[in-house]
Amino acid sequence: MTRKSRLELARWAVDLARKEGAAEAAADVCSVRSVQVEISEGKLDKLQEAGQHGLALSIYRDQRYSEQITNDLRKDVLAKLICEALATTRYLAPDPFRAQPDRKYYEGRQKRRLNLVDRGYDRVDTDERVRRAKAIEAAALAHSDRVVSVTARYGDNLSWIATVF
């Protein structure tokens, strides 16, 4: 998913929730890339890369709060999820103190990228991940002659999140 498509989907979900009766709503649409490496006895035991997309929707209705999470991002499925969530939220106990922050606290703020992504992330390729896991294993084995077996793991994740409220 692109940054634009994540943002558009989050806006769509919040707009639909409000249209269908939510007093307030917030949505996070995320994409995550995860890489895991395992080394055992100096050999590559596991190399796994996974990608995942999902949506988390917070609904505030009649002083009640619920949250739904799904990885099925088809709009027809999401529309049904949102309508069902709004209906079932009515059955929850009221919480008059739970609400989104007053908009006056964040309106007018600068809209800019925070540059929270490590710019060197792309330079860590599969070979480098394996090298790091092997170095972890070697350090553990060198720590003491009483260490007889080690499984070393190296992993990293990169997440992209679009939030709308």
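Student: At 22% relative accessibility, is Asp-72 to be read as buried, partly exposed or exposed?

Tutor: The classes rest on relative accessible area: buried means under 20%, exposed over 50%, and partly exposed in between, with a 1.4 Å probe and protein chains only. Asp-72, at 22%, is therefore partly exposed. Please note that this is a predicted model, in which local features need pLDDT of at least 70 and side-chain atom pairs count only at pLDDT 80 or more, while totals for chains, interfaces and linings use all residues. Residues are numbered from 1 along each chain as its sequence is written, and side-chain values use heavy atoms, leaving out hydrogens and water.

Student: Which residue does Asp-72 meet in a salt bridge?

Tutor: A salt bridge requires a side-chain nitrogen of Lys or Arg within 4 Å of a carboxyl oxygen of Asp or Glu. The partner of Asp-72 is Arg-74, at 2.5 Å from N to O. Over the whole structure, the search finds nine salt bridges.

Student: How are Lys-4 and Glu-8 placed in helix α1?

Tutor: Helices (H or I, at least four residues) and strands (E, at least two) are DSSP runs, numbered from the N terminus. Helix α1 covers residues 3–19, and Lys-4 and Glu-8 stand four residues apart in it, so about one helical turn separates them. Their side chains form a salt bridge at 3.9 Å, N to O. Lys-4 is exposed at 58%, whereas Glu-8 is partly exposed at 43%.

Student: Which residue forms a salt bridge with Lys-80?

Tutor: That residue is Glu-84, with the closest N and O atoms 4.0 Å apart. Both lie in helix α2 (residues 75–89), four residues apart and thus separated by about one helical turn. Lys-80 is exposed at 54%, and Glu-84 is partly exposed at 44%. Elsewhere, salt bridges with shared partners link Glu-128, Arg-131 and Arg-132 in one network.

Student: At what angle do the axes of α1 and α2 cross?

Tutor: Axes are lines fitted to C-alpha atoms, for helices over the stretch in contact, and angles run from 0 to 180 degrees between N-to-C directions. Here the axes cross at roughly 35 degrees and come within 10 Å. A crossing is left-handed if the near helix is turned anticlockwise from the far one by less than a right angle, and right-handed if clockwise. The crossing of α1 and α2 is right-handed.

Student: Which residues of α1 and α2 meet?

Tutor: Contact means heavy atoms within 4.5 Å. Leu-9, Trp-12, Ala-13, Leu-16 and Ala-17 of α1 meet Lys-75, Leu-78, Ala-79, Ile-82 and Leu-86 of α2.
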